[in-house]
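Morning, everyone. I'll go through a few spots.

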Amino acid sequence: MSRFAKILVGSFLLMLAGSASVLAAPLPRIGIIGAGDMGGTLGRLWVKAGYSVFFASRHPQELQSLVSSLGSHAQAGTPLQAAKFGDVVVMAVPYGALPALAKSLAEPLQGKVVLDVANPYPQRDGEVATQALQAGSGVYSARLFSGSRVVRGFNSLAAASLAADAHRTGEALAVPLAGDDKNALDTVAQLTQAAGFAPVVTGNLATATLFQPGSDLFLQTLTADEVRHAIHQ
């Protein structure tokens, strides 16, 4: 065999080895804190896509019917257990609960991707929501979870829209995402696609104001192109 042929064969084998390692990479485990309409909907979609999901609430015994309906890839327990379990931990609770969770779960969330889907409503969540809206919900959430890699997403859509439009025919429903960490954004973008939607990265966490409550993109069901047009017009 000529030297050139050996190089080609070697390159091909390396490519195959790289492809095998990519295929063998395990899916990230997902912890969801808050298993109401939003947390429950997202969890169901990810379990159906093959992800292992740990649902958590203050009353985990009430989640057994949900877990039983989803099979072996779903389990339930406490917020601490979900935070330890997940490579990605989703905050699907009222925004007013975030400060206490950020404090109590600081250690298990250290360095992890935290997907914040909560929305600040001053009438419900009080002063913390007012501060979050003033500072920008993405920036404020990152201050709360200072040791984590925060991504804002899924907060601009109602749970009913997510349930109805996942994997819809035609152009996928867009989900705006904002974050400061590229790897974290890539991970959440992959989860977004797995759930049946089109991720649209708006930029860093400061741009989460583009789709927080009161913004033009909030509660809008748009395609990816429509979201990009709205951002750049």
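Which residues does Leu 63 touch, not counting residues up to four places away in sequence? Leu 63 touches Ala 35, Phe 55, Ala 56, Ser 57 and Ala 76, where contact means heavy atoms within 4.5 Å.

Before going on, a word on the source. This is a predicted model, where local features need pLDDT of at least 70, side-chain atom pairs count only at pLDDT 80 or more, and totals for chains, interfaces and linings use all residues. Residues are numbered from 1 along each chain as its sequence is written, and side-chain values use heavy atoms, with hydrogens and water left out.

Back to Leu 63. Find it in the loop between strand 2 (53–56) and helix 3 (64–70). Helices (H or I, at least four residues) and strands (E, at least two) are DSSP runs, numbered from the N terminus. Is Leu 63 buried or exposed? Leu 63 counts as buried because its relative accessibility is 8%. Buried means under 20% relative accessible area, exposed over 50%, and partly exposed in between, with a 1.4 Å probe and protein chains only. Now look at Gly 77. It comes 14 residues apart from Leu 63 along the chain, and their C-alpha atoms are separated by 8.3 Å.

Next, the cores. A nonpolar core is a set of buried Ala, Val, Leu, Ile, Met, Phe, Trp, Tyr and Cys residues joined through side-chain atoms within 4.5 Å. The largest one has 38 residues. Trp 46, Phe 55, Leu 115, Phe 154 and Phe 197 touch the most other members. Helix 10 (residues 182–194) gives the most to this core, with six residues. Apart from it lies another core, of 23 residues, including Tyr 95 and Leu 109.

Stay with Phe 154. It sits in the loop between strand 6 (149–153) and helix 9 (159–165). Phe 154 counts as buried because its relative accessibility is 0%. Now its backbone. Most residues other than glycine have a negative phi. Phi of Phe 154 is near 65 degrees, a positive value. Leu 219 has a positive phi too, near 60 degrees. Leu 219 lies in the loop between strand 8 (198–203) and helix 11 (224–232).

Last stop: the lining of the largest cavity. Ser 156, Leu 157 and Val 227 are among the residues there. By class, that lining has six nonpolar, two polar and no charged residues.

How values were computed: 1 Å grid on protein atoms, 1.4 Å probe; cavity = no way out; pocket = protein on both sides within 12 Å on 5 of 7 lines; lining within 4 Å. Nonpolar A, V, L, I, M, F, W, Y, C, P; charged D, E, K, R; others polar.
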